[in-house]
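Biologist: I am new to reading models like this one. Could you walk me through a few features, please?

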Amino acid sequence: MPALRRLLICVWLMPGIVSNGFGQTMRGDLIDVSEAFQRLDPVYFVPARVEAFDPAVGQGQLRWERYQRQPSLSFNKIDRPLVRASSTEFPATEYDRDPVLPFTIEPVSPRTVRLRFLTRAVAPDDTPSLMLVGPVPHDGSWQVQQTDSLITWTSPAGYQIRLYRDPWRIAFYDPTGRLLTRTMTLDEPATFAFDRVPFCYIRRSEDLSHWTAATFELAYDEKIFGTGESFTRFNKRGQKIIAFLRDGMGTQGRRMYKPIPFFLSSRGYGVFVHTSTPVTFDFGHTFDQFNTIYTGDETLDLFFFFGTPGQILSEYTALTGRSPVPPLWSFGLWMSRITYNSEQQVREVAARLRQYRIPADVIHLDTGWFETDWRNDYQFSTTRFTDPARMIADLKAQGFHISLWQLPYFSSKNRLYSEIVEKGLHVRSENGRWPFEDAVLDFSNPEAVAWYQEKLAGLLRMGVGAIKVDFGEDAPVRGLYASGRTGWYEHNLYPLRYNRAAAEITTQVTGEHIIWARSAWAGSQRYPLHWGGDAENTNSAMAATLRGGLSFGLSGFTYWSHDVGGFVSTPSVDLYRRWLAFGVFTSHTRCHGAPPREPWAYGEAFVDDFRRIVEVKYRLMPYIYAQAVRSSAEGHPMMRPLFFEFPDDPTSWLIDDQYFFGEALLVAPLFETGATGRRVYLPPGTWIDYQTGRVYEGGRWHEIEAGPVPIIVLVRDHTVLPHIALARSTMEMDWSRLELQVFSTDGAPARGWVALPGETAHELQVVLGPDGPVLQEDPLEGRVQWHLQLRTPRR
């Protein structure tokens, strides 16, 4: 056999020979921890029975039985079933064949419970977690009953957890007694699925580490959502999702800038996997009935949440944190491209925006504000920016904030490289001393954080409004970090540390909660905001971007944006127009990507279209800001799927190309070239077209034509939408005079919300009197003059 052929066969049979030990053959490959559970060499341990449990403290001991995979020949094929295994360690007296290990079940709130399974005989680790906002509370309101075979917890909300002692099982039930899900082990009947993985942990032969697999039952019609900014099909049922940070290089693949180890089920529960190791979700991909959660962690730490989608997200964000409200100006238009690289360009863009009467609040400078493009040294070019501080001050007087790009990777050509290496501020490579090809800032090192924040502080004190926190997805997996851990734990945690470092110094200097970040992990929602990465300039990418944003919102993030028109190349006029309409009905709106992005480069007609579309957002700013305040307080996304508002409507769970922007506006973008309308599903109720006033009955599909703005927006019947007069920027808006537009098909009271900048949201209620709409009670008496208008619907 030729040597090359022998080598290829060996690589195929033993991928670990050429990989880095974690399944990567090249740096940056996704790490799918589920693959290790199909190999023949690990030792498998499957939970068998509860040896002891004290419900008063929620702690017990669980016996795990030893198994191994054994090749089995039948009908000309080889399967790999798990079979009982004998102990092979020496000396035998020092190792148990079937170890007995700690586990805990701890109620956290009436709708949240924590399950922890330890794979070593140690106490649970309760040191502070960066992913959590504080110590995990204990809720003593659950009632506990027990027999010799069963322990049952019942919450004040009516949810039940049942722990079966022998054989071991855990099952979850809703208040009606309906099974939500349950653990799946080896003795499930009626299956030939020899490659299925039960609830278990393995001891790996490469390094004797322990990895875990938690397998739960999926109902036949169950749907799964979340897992971060995932661009694949919205419903994750049938998919394998790898929660491992990687530069997505687009928005139409399975790689994610922002994976989040959290999902939400249509059955009324959600799960947060509390780990920073790689996680793989197999949502019925391998076996339709099995939802298997694989982690590279030695402790399996799961939080279960129960209720409606809104209740589940409120519970999850109470644990991991909620997004503070960003400054009002950030909700305006961000004008950008790759890249403005001189003071003359920036001033010209600002002047043209004002000349064409296009409302705008931010001008973003991407990779070109340094002396050398992409070479981040935190200093403006001295040859192309005469007086950056004066430029920033002048633009701020005109209503513009400046946003600046940077990244945490430093090549050896960067003047800061030697300083970073000499001070040891970088992630160390496996040799324990040097960086990798680039010096990657180690944000687990307090000295590196202080160094980095001092660089940003100088820019923020100069008047810069926001820092673009770009990249952060590819921290070295095999790197050595100041935290004392390797990249196995720090890789996914890197963007959370990175987001926090930039956000905290911004808030400290400016008093405002704002960054513009690409990467994220669980907890990053505490540091808004994030955008959707480098989308392609296609209809398909636009639709995938929406799916990513909806999935991201269902992962605990209130705010999100995307590159209007797509990033990679120049968009067509048609795509740019339709994508901009989608963009203004997102919490934050940025035009960015390959030049040109300035509307005047596309002709006078497009300038008029561009202005008309952006003006819609500026007129709706009181509604947008009020919804931001409410969404932040509840841990809800501003952009939310239909089922979030209508969880009892089965069809709403099937829609992935429409969404709610806040609670009152149903939005349907146009995803086809040249489209002027589309087929739209409306949930139950009555709906009024925001642009045309036409009335539609819900609970069915409609063919709807868009109005002057190329998007379809419908308002719930009996809604009050606050509006404000147009201004060049949010800074120039007059919040003392607001207009309330009442959308109502009859005399029933209409409802809405309003919030002045920096304040809480107040409910508005309007009734239709004989002389027109009347505000029942002024929630901002003396501070706002109201103008009420009835938007007369047309049948």
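**One residue, then the whole protein**

Modeller: Gladly! Let's begin with R578, which is buried, its relative accessible area being 2%; buried means under 20%, exposed over 50% and partly exposed in between, with a 1.4 Å probe and protein chains only. This is a predicted model, where local features need pLDDT of at least 70 and side-chain atom pairs count only at pLDDT 80 or more, while totals for chains, interfaces and linings use all residues. Residues are numbered from 1 along each chain as its sequence is written, and side-chain values use heavy atoms, leaving out hydrogens and water.

Biologist: In which helix is R578 found?

Modeller: Helices are DSSP runs of H or I with at least four residues, strands are E runs of at least two, and both are numbered from the N terminus. R578 sits in helix α10, residues 573-584.

Biologist: Which residues is R578 in contact with, leaving aside neighbours within four places in sequence?

Modeller: Contact means heavy atoms within 4.5 Å. For R578 the partners include N539, M542, P710 and residues such as L670, F671 and E672.

Biologist: How many helices and strands does the protein have?

Modeller: There are 13 helices and 46 strands. The protein's radius of gyration is 28 Å, close to the 28 Å from the globule rule for 795 residues, so the protein is as compact as a globular protein of that length. That radius is taken over C-alpha atoms, and the rule is 2.2 Å times the number of residues to the power 0.38.

Biologist: What share of the residues is buried?

Modeller: Buried residues are 61% of the 795.
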